[in-house]
Amino acid sequence: AYNLAASKTDPAQLEVAADEFAKKFPASELRELLYVRAMNLYQQQNNSAKVIALGRKAIELNPTNPVPLVAVASAIVMDTRDTDLDRDARLAEASKDAQAALVNVDTGLQVPPNAPADRVALVKANLRSIAYDTLGVIAMNTKDYASAEQNFQQAADLMKDQPDSVVYLRLSVAQDNEKKYQAALDSANKAAQYAQEGSAEKNLAKQQQDRLQKLLADKGTSSAPP
């Protein structure tokens, strides 16, 4: 029954199959695997609402698996607007899930037998990086720029072999708000370096570079004390 459900490649069909499997086998540990699989398929479609819904079901069955914890936290943050009436509750849930992922990433990650150690280490680093990035976005939303900078820096440091331009751009904005203009420019330079040519991230990074370069140049020619 599990193999039949897991063979579905359409996320909507897999979601239905996972729910039917959960009803038929309410004590099976395989329920979580089906919900995580469906969540991952929805994630590939950038369907954040479904990622949150399926991820929550997986978390309810196993609150220590960092994969759905990170996915739900990240999706909630990206899907939450300042005008949402439940904004604070959603951000609180995202923060709780991201922190739980960091706590459980070493013990809660379900690692296949004989998985290469370097591959496992990379997956853990990626999960930690996304969790810290999510916490950074939450801090930015509450205008806690010092905490945002710290979390974005940790996210960037974890993925130096596979740098993410978005993380460096967010780091630059946090440093900018703290008036750390030279550090912000350094981060903007990295964001521009790692962003794909023609992407929105590349354009935003260049705008940030131009703004900070002009700001630093103006300060350099000013006679006022810093």
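Predicted model: local features only at pLDDT ≥ 70, side-chain atom pairs only at ≥ 80, totals over all residues.

Tutor: Let's start with the overall build, go on to the pockets, and finish with some ring pairs. Residues are numbered from 1 along each chain as its sequence is written, and side-chain values use heavy atoms, with hydrogens and water left out.

The protein has eleven helices and zero strands (helices are DSSP runs of H or I with at least four residues, strands are E runs of at least two, and both are numbered from the N terminus). Read from the N terminus, that gives α-α-α-α-α-α-α-α-α-α-α. The C-alpha trace spans about 75 × 45 × 35 Å along its principal axes. Of the 226 residues, 42% are buried, meaning under 20% relative accessible area, against over 50% for exposed and in between for partly exposed (1.4 Å probe, protein chains only).

Points are joined across faces, edges and corners, and the volume is the space filled by probe spheres set on them.

The largest pocket comes out at about 650 Å³. It is lined by 26 residues, and Asn40, Val67, Leu109, Val123 and Leu127 are the closest to its centre. Helix H3 (30–44), helix H5 (66–79) and helix H7 (117–141) are the elements giving two or more residues to this lining. H7 gives the most, with seven. By type, the lining splits into 16 nonpolar, seven polar and three charged residues (Ala, Val, Leu, Ile, Met, Phe, Trp, Tyr, Cys and Pro count as nonpolar, Asp, Glu, Lys and Arg as charged, and the others, Gly among them, as polar).

Next, the second largest pocket has a volume of about 450 Å³. Its lining has 21 residues, with Gln43, Ser74, Met78, Ile130 and Asp133 nearest the centre. At least two residues each come from helix H4 (48–61), H5, H7 and H9. H7 again has the largest share, this time five residues. This lining divides into nine nonpolar, nine polar and three charged residues.

A last stop is the aromatic rings. The structure holds three aromatic pairs (rings of Phe, Tyr and Trp, the last by its six-membered ring, pair if their centres lie within 6.5 Å; planes under 30 degrees apart are stacked, over 60 edge-to-face, the rest tilted). Phe21 and Phe25 have ring centres 4.8 Å apart and planes at 45 degrees, so that pair is tilted. Tyr168 and Tyr194 are tilted too, with centres 5.7 Å apart and planes at 40 degrees. That pair links distant parts of the chain, 26 residues apart: Tyr168 sits in helix H9 (residues 165–177) and Tyr194 in helix H10 (residues 181–194). Tyr168 is buried at 6% relative accessible area, while Tyr194 is partly exposed at 33%.

Technical notes: 1 Å grid on protein atoms, 1.4 Å probe; cavity = no way out; pocket = protein on both sides within 12 Å on 5 of 7 lines; lining within 4 Å.
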